[in-house]
Every structure is written in C-alpha cells, then in structure tokens.
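Subject: Structure handover

Hello,

Here is the structure you asked for.

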2 protein chains.
Amino acid sequence: MIALKNLIEIDRSADTPIYLQINNALIHLIKNGILESGLKLPGSRSLAIDLNIHRKTVVAAYDELISQGWIVALQSKGTFVSNELPEVNPGGNLEGGRFSRNAPFEFNAIESLHRSEPSLPNGLTLDEGTPDIRIAPVTEIFRHYRSIISRSYNTKHLGYGSFYGDLSLREALVNHLQETRGLRCSVDQILITRGSQMAMYLSSQLLHRNGGVSIVGDTNYIAANLTLEHAGAEVMTVAVDEKGLVTKEVEILCEQHKITSVYVTSHHHHPTTVTMSAERRMHLVELSRKYGFAILEDDYDYDFHYQRAPLLPLISIASNGNVIYMGALCKIVAPAIRVGYMVAPKDFIESAGHLRRVIDRQGDAVMERVIAQMILHGDLQRHSRKALRLYHTRRDHFCTLLSAELGDYLNFEVPEGGMAVWALLNKSLSWTEIARSAEEQGLEIPNYLNYDREKLGHNGMRLGFASLNLDEQKRVIGILKTSILEQMASF
Amino acid sequence: MIALKNLIEIDRSADTPIYLQINNALIHLIKNGILESGLKLPGSRSLAIDLNIHRKTVVAAYDELISQGWIVALQSKGTFVSNELPEVNPGGNLEGGRFSRNAPFEFNAIESLHRSEPSLPNGLTLDEGTPDIRIAPVTEIFRHYRSIISRSYNTKHLGYGSFYGDLSLREALVNHLQETRGLRCSVDQILITRGSQMAMYLSSQLLHRNGGVSIVGDTNYIAANLTLEHAGAEVMTVAVDEKGLVTKEVEILCEQHKITSVYVTSHHHHPTTVTMSAERRMHLVELSRKYGFAILEDDYDYDFHYQRAPLLPLISIASNGNVIYMGALCKIVAPAIRVGYMVAPKDFIESAGHLRRVIDRQGDAVMERVIAQMILHGDLQRHSRKALRLYHTRRDHFCTLLSAELGDYLNFEVPEGGMAVWALLNKSLSWTEIARSAEEQGLEIPNYLNYDREKLGHNGMRLGFASLNLDEQKRVIGILKTSILEQMASF
C-alpha cells in the first residue's frame, strides 16, 4: 500500500478547497505515472487519518476522481487507479505544471498584425499626440457613474442591451454632432463603438471582406492601413501635400481601377497634421458620387483646433451619403474610456451592428450612459474647452522651444490643431538613434517607426505636446537636443 | 436682392452657435437650389440688421461658407453664391434634411449575421437563462470603481493600456482559475476579452479564416454557429445525448475529414443543459491529441451548479494544450459588464491579442481593474455564492411549479446547474403560438426560435428561471398554461 501522505501536500492556508488540492495532486501523480493503473489506493478513512483531515473531504476528492474516470471503486474490494485510463503521455506538454505554451493545433497567426506591445508609459514619454490623462474629468465621470449604477436607479441597463449602443447616448450624439459639426443625422444612422478603431474595423470588414481597392495617403495613420489590409483591401496610396490628400491623384486612380473606399483624416491629416482644403473636400465628395466609392472619414481630433473654427467634416457638406464618419470620445475624456461612434447610411449601420454583435455582443451600456449624461449636462463640452485652452498654451510653448532649441536640426509647421507636431528631421540624422539615446536619458519614444511605410524618406515623426506640461516639454526637448548633438559628434 | 431674413430662422435658445445656424441654413438653401449660383448675397452689415444680430456673427458665417467654397467674396463687388459649386443634386438623398438612409456605395451586408434586435426587457420576460440584474453587486462595483478612478489614485490606467487586458486582472484570474477550476496557467496564457463572445470571435477567426471544419452539437448555442460560419468554418454536427456531445460520432468525422475545431459547452450543454460525462471528456481530449484539432470549450456557467461539485473543465484535465478555454464574468456580475477571458497556449493568445488590437484597440482598463479588485477582495466569490443559493431555490421552485402545472404538456429534466430548464413541448403544440399568445398577456419570450437549427423537431426551448423571483415564476407559468390551453381549445 503506497503511502500517499508523503506524496500529497496540503496547504490549509491556500484558498483552494482541500478536496480539490487532493484531487489535483492525485491527477498529477497519475498523469506522471507515479500512481499506475490498477494500483490500490488507501481507504478514505485511513487516508483521512494520514493527512489529518476529515474523512468527508477524502470522500469528496475520491468522488471527483471517480466521476472524472481517474479511479474506480470496486464493490467491497476498494478504490483503484483506473485501468481504462486514456493514453496520457506523462507530463504532456506541461511546463512547470502548466499546459503547452505552443499550440499543438493549426491556426492562422495573422503575422501581418503582429506589433510589439506598447509599453505602459512610466516616467517621461514622448507620444504621438494623446491627451493628458492627468486632467481627465474623473470627478464628473464618477458622479454620473454613481447616479447610474446606484441601487436607487433602475438597473435595466445592467442586462443585455442594444448592439447599436445605448439609446440615450445615440440621442445625445444626434444633437451634439449637429451643434458642434453641423451634422444632421438620425438615431438609426449612428452606431456606438469601442473607440474609433472599432468603427474602422467594422467599416473595413463590410467594405473589403471581398477585396476591393482602398486609397490612403502615402503617409498615413498606420493602424488604418493594417485594418484595411487585414479586412482584404488592396491599399493604394496618393500623395499628401499642404492641402491634404491630393484628390487629382485619387481621380486618376478612379479612372484606372474600381475604387471601393478612400480613407481620410480630413481635419488634421495623420501624421502630418495638415488640414484638407475646402476645394479638395468638395472634389473628393464629387468623386465619391461619380465613382461610387465610400469615404472613410476618421475625424479623430475634430474638437482640438486653435487657429479658427474648423471646417465642417465632409459628412456635413456631402448630401449624397457616401461618407462613413468615425469619431471617438476617448481623446476628449481619456484613452481608456473606449467610447466612439460611426455615422453612416442606415443600411450600413444596420449591417455594422449585426457584425459587432458577433464580435462582442454589445458595448458597455453603463459607460455609454455616463458619456450621454456628460453630454447632456455639458460636462463633456466644458472639459473639452478647458483641455483646448490648456493644449493651446502647450502647443505654443512647445513650438517656441522646438524652433529655439532644435530649429537647426528639424523643420515643422505650427499645427492649426491637434495634439502633435509633425517634425521633419534633417536627413543626416536618425530618429532611431535619437530614440535609443533618449531612452538612456530616461525618455521613451514608442512610435518613431510608424510614419514612413512607403519609404518616402521624409524622416518625419509626430511629437505629441498635449500630454506634457511646460516643465516636461523643457526636459523632453533638452533630451532630444542632447541625443542629436551626441549623434552629430559621432559623425 | 433676396430677403434672407425670411429664409433664415435663428433660434437664440439653441445650443448651436448662431454663426453655425446661419451657415447651415445658407448651405441648405444653396443645396436646394433656392439660392442659385451667382446670386448676390446681402452685405454682412445689412444682414446683421435684418436678423438683429451682431455683424461679427454674419462675418463669421460668411467666412465659414467661403472657406467651404459655397460663396465667394469679390473685391469691392460683394458676396455671391459661388459659380464653381459642385454638382449638388438639390436635396440629394437628403430625407428631412438628413443624409441618405441607403448607402450609394457597395458593401457586403453579411446578411447571414442579421437577426432581429433583442428588445430591451420591459415588464415580464422569459429569457433563456440570464442572471437577475436586480441582485448585481453594484455597491461593490461602485466602491472599487471610485477607489480606482478617484483623483488620489494614479491615473496611469486611464491612458492606452495592454491589448491583452489589464495585468492586475490577468494575475487575479491565474489564481482564481486555479482555485475554482484546478486550472493552472500563466499570465501570458490569458487574454481579457469583452465577454466570452469576443473570445469565440477571436478564436474562430484565428482557426477558420482559411476555412476548415468545425464540429458542434446538432442542437447548439446558435451564436457559436454564427460566429464559426462567419469566420469561414464549415460547420458539421454530431448528436447530443444525456452524456453530452457523442464523441464516437466526432471520431467518425475525424476519420473522414480534417477537423480544425470542436465546440463544446462541457459543463452544461447549451441549450439542453446536460453535463458532459467524464468518459466523453477523456475521449474528446484523446481525439484532439490524436487528430490535432482545437477544442473550443465555452464554459459559460461553470459557477452555477446545485447538485454537487462540478467536473473540472476539459482544459484542467488536458495536459496537451489542445483546449481553448472561454469564460465570462458577465453572468456573475451583470451582462452589461462585458468582461470575459480566454485561456490558451501562449502563441495562440499572442495572435488573438494582435487581432483584438485592430478590432477595438484594448479593453476597458478601469472596469478590468474593478473586477480584479472584486476577485482580490473576495466580492466576486461572495456574490457568486449568494447568487448560487438564490438561483438554487428558484430552480427548485420553478421545476416544482413546472411539473405541477405543465407536466402534461412538456417534458424536462431538473438541470444540475445553470439558469435555465430545457423543456420539450408536446409535438402537437407550438412555441410560436405560445409566444404570440403570451405576448398578448404581457409576457415576452424573445428566444423561442433559436434551438432547432438542424430541424430535428425536438420542439425544445430554454426556460430561464434565474432572473424570475418566485412570484414572477408563478405569473410566467400561469401565462404559459393559459397560452397552451388556448392553443388546445383551437384544435
């Protein structure tokens, strides 16, 4: 009779029920061939005494093992390790008791999507233009969150809800979009998404899962290229100049190919921050009507403009319904608050809603209602204005510093809006080198590689100024300067 | 000179800035051909007087219109509606001033995914097994939410985070899954998703975007079929009996075809609620090793069992890494709290993470941390036990009523766990009829059509008991009885 008490360790302080500890231990012993088929196990009473636990606990563990087919109880003979054990290769692919790290089955890894995971910002980071989460309107979020989730409030919205998004938020947005963007749409032309990325994913899938050509700028927001290509689009590029996407080139491509979609960040082109001119906008809308393509308008930072009232979005001036408009509130509230929206013709919104249903069923109805309340109470607008003033100051301070300290090494235009400066580094210098040396000085630059997919050699990078206070801006630019001088010294 | 004051209405109480109201009105008038190209517009001063507003406001509106190309200001001549207007077909596809309801561009509507939207429960509803949101642990959620979002707490997690999910939640789950399921995995084998539906979507995409065969039960959770088929899988079915999926039939299919995946709800098969037997589990794991397919284990209601300790999930007894385990916390906390997870080999989790990144970038880090805190403080476990006791009572009460009142018209087994009873209605009766007449009596039955996709004619439906208190159960069963008697009277 094997002395199990030496093989089973019981940890009374652990949260794992003791019967489950015994169960796990015995399975492990059987799998690893230490307890062989046919081996007789001690009776529950004697094992209970050996392990100094209650007999019921052992019985529970044995019952579980019997029900799983590991052991069998033979009438009046006792309990044995089962003879009909499946061929368990001892240890299997276990690693330190864990299961396989590499899948033994086939799957499509979609390597094209693999990117290194962004490290969570700790310490000084030069991002590509994100809001300062330190000014996020947490008090307001918190107040509305409480009023919505508190017991007194009816809890209907804690159940399953609409996959188009919470109705109160869609209604609030209908008004908000008209007031801020002159965009007139109805509730059934809006879908609430998880940030604008989901709007981009849904649209790309609906437009391109059977292929088709999509046109983007030859410098472009890289996530958009990835999303379009993943959906099945063949991505073609056109030039981007100081007036934005060169629509004449779009027209030429339309004459040569059947174009399914054109992706634009009309308010501030990503990454170059240039604003698409009124005449180019008109031309693109006209082309969309003539050639029947969809305009994917990603208006990621409409709310951040410093120079003058922004041009209205394409969707507000296009009556023909060729525009799919994508926006997000993450940039206003906080990136982690994943609430965005898309506006498009009703039939497109319907299909997008049904697709989103198999992706994640529905959005976070509670958070959606919080945002709706923030719009209705004007909290969103107030915070947006407050952030605008702050970022305006930071833009001016950053640009002044930039030209004073680094004017000899890079060129840039003061951006009319947004949260980043598009800086073109002298060709003799390398952002990669700068990023490396900056890291040694305690400054992270995560995104320096994302801007020249087409190998145009513009040597540009987005420098986010909005998330840095004035002192941090000084430090960042100081570190950049040191890195550049280092690099030049090494020539 | 046209009298614009009669055509432009200004609403001083509206939130839309007046300059934008004028801007919108004029665009509307031009688009609709009321103001024609070349028409001279009144000077800003006279229009300001006509409309009784400040002149600056008119100038701002005109500037916006000029920048958009609608009007032109000619030196010393005045302001005119532009002659180079794009061909705007008056009104375009506008409906009541709104843009097209039907897209003028081509897209793939993916009709196969279209389902009628579930109406939000108002009044009495017989669901297919959802938790009672009235007992959701809102106080605990709220407490942790406050402590996480309050200013005092560092706000790092309000920025962009990991697309694998918040680390603190992944760490909490590693322990929680071992304690509750004997499942041993590491942080890099877990991905946090939006409910188990997203885990199912990601897995299906990775496994089947190039096709392949997936095996499911011939009665099955319909959303799983949809998700697999949408991803590109050819779905084959095997029988389900009182021991769950008939694995012998799986083996036969494996000999005839290359099988990529097998989908199981092992703890309680959806919809029939039967528990997969230990021997079938062993057999399926063995087959997965032999034929190299992935087991998609959807353990949607592991935490709800009334009879005895549940069998451990397949992933806990399979050392070979063929199992992709999907779980959700929505059923414990509340459906609207969209937090779920998948456990799989590391390389699979990595690919799933990169795919999720283009879908919605990342999860709701704040909510993920709330759930992590609830696990660490034991709130989740406490609530789970509380709900278990309540649902146990409700199950017994519901089943007693059901056999007493409707025993002559339908058959069912008392489910060992879960939140629903699988009721087989006498063949002579129709659930559709019952649902129709029940609705007249104020009882909604949304899901009666979801269970017999393969036309087996079992005439079964899931009756959710967990969300109904004892009084509501009486009313529901009373209404069902009336509906049935009505139907029989009509024979």
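Glu286(B) and Arg289(B) sit 3 residues apart in helix H9 of chain B (residues 278-291), which is about one turn of the helix. Please keep in mind that this is a predicted model. The two residues form a salt bridge, with the closest N and O atoms 2.5 Å apart.

Chain A has its own pair. Glu286(A) and Arg289(A) both lie in helix H9 of chain A (residues 278-291), 3 residues apart, about one turn of the helix. Their side chains meet in a salt bridge of 2.5 Å, N to O. Glu286(A) is partly exposed at 23% relative accessibility. Arg289(A) is partly exposed too, with a relative accessible area of 25%.

Another salt bridge is in chain B. It joins Glu472(B) to Arg134(B), with 2.8 Å between the closest N and O atoms. This pair links distant parts of the chain, 338 residues apart. Glu472(B) is in helix H15 (residues 470-489) of chain B. Arg134(B) is in the loop between strand E4 (124-125) and helix H4 (138-149) of chain B. Is each partner buried or exposed? Glu472(B) has a relative accessible area of 13%; the cut-off for buried is under 20%, so Glu472(B) counts as buried. Arg134(B) is partly exposed, with a relative accessible area of 40%.

Over all chains, a search of the whole structure finds 38 salt bridges.

**The interface**

How many residues take part in the contact between the chains? 132 residues of chain B are in contact with 132 residues of chain A. The two chains bury about 11,900 Å² between them. Carbon and sulfur atoms account for 59% of that area. How many salt bridges cross this interface? The rule finds 0 between chain B and chain A. Polar contacts do cross it: 22 residue pairs, both residues at pLDDT 80 or more. On the side of chain B that touches chain A, helix H11 (residues 346-360) of chain B gives the most, with 11 residues. By class, that side of chain B has 60 nonpolar, 42 polar and 30 charged residues.

**A buried serine in chain B**

Look next at Ser261(B), in strand E10 (residues 259-264) of chain B. Its relative accessibility is 0%, so Ser261(B) counts as buried. Which side chains does Ser261(B) meet in polar contacts? One is the side chain of His208(B), at 2.7 Å. Another is the side chain of Ser214(B), at 2.8 Å. Leaving out residues up to four places away in sequence, Ser261(B) touches several others, including Leu207(B), Val213(B), Ile215(B) and Leu228(B). Phe293(B), Ala294(B) and Leu296(B) are also among them.

**Strands in chain A**

Strand E15 (residues 420-425) of chain A is worth a look. Why is it described as largely enclosed by the rest of the structure? The reason is that 5 of its 6 residues are buried. E15(A) pairs with strand E14 (residues 410-412) of chain A through 3 bridges, and the two run antiparallel. Leu410(A) stands opposite Leu425(A) in E15(A). E15(A) also pairs with strand E17 (residues 460-464) of chain A, through 5 bridges and again antiparallel. Here Val421(A) stands opposite Leu463(A) in E17(A).

**A sheet in chain B**

In what order do the strands of the open sheet in chain B lie? The order is E1-E3-E2, with 3 strands and antiparallel pairing. Strand E1 (40-41) and strand E2 (71-74) of chain B are the edge strands, and each pairs on one side only. E2(B) and strand E3 (residues 78-81) of chain B pair over 4 bridges in the antiparallel sense. Leu74(B) stands opposite Gly78(B) in E3(B).

Best wishes

Terms used. Residues numbered from 1 in each chain as written. Chains lettered and ligands numbered in written order. Predicted model: local features only at pLDDT ≥ 70, side-chain atom pairs only at ≥ 80, totals over all residues. Heavy atoms only, no water. Contact = heavy atoms within 4.5 Å. Buried area = accessible area lost by both parts, 1.4 Å probe. Salt bridge = Lys/Arg side-chain N within 4 Å of Asp/Glu carboxyl O. Polar contact = N/O pair within 3.5 Å; in protein donor to acceptor, adjacent residues only side chain to side chain. Nonpolar A, V, L, I, M, F, W, Y, C, P; charged D, E, K, R; others polar. Buried < 20%, exposed > 50% of the residue type's maximum accessible area, 1.4 Å probe, protein only. Pairing = 2+ DSSP bridges.
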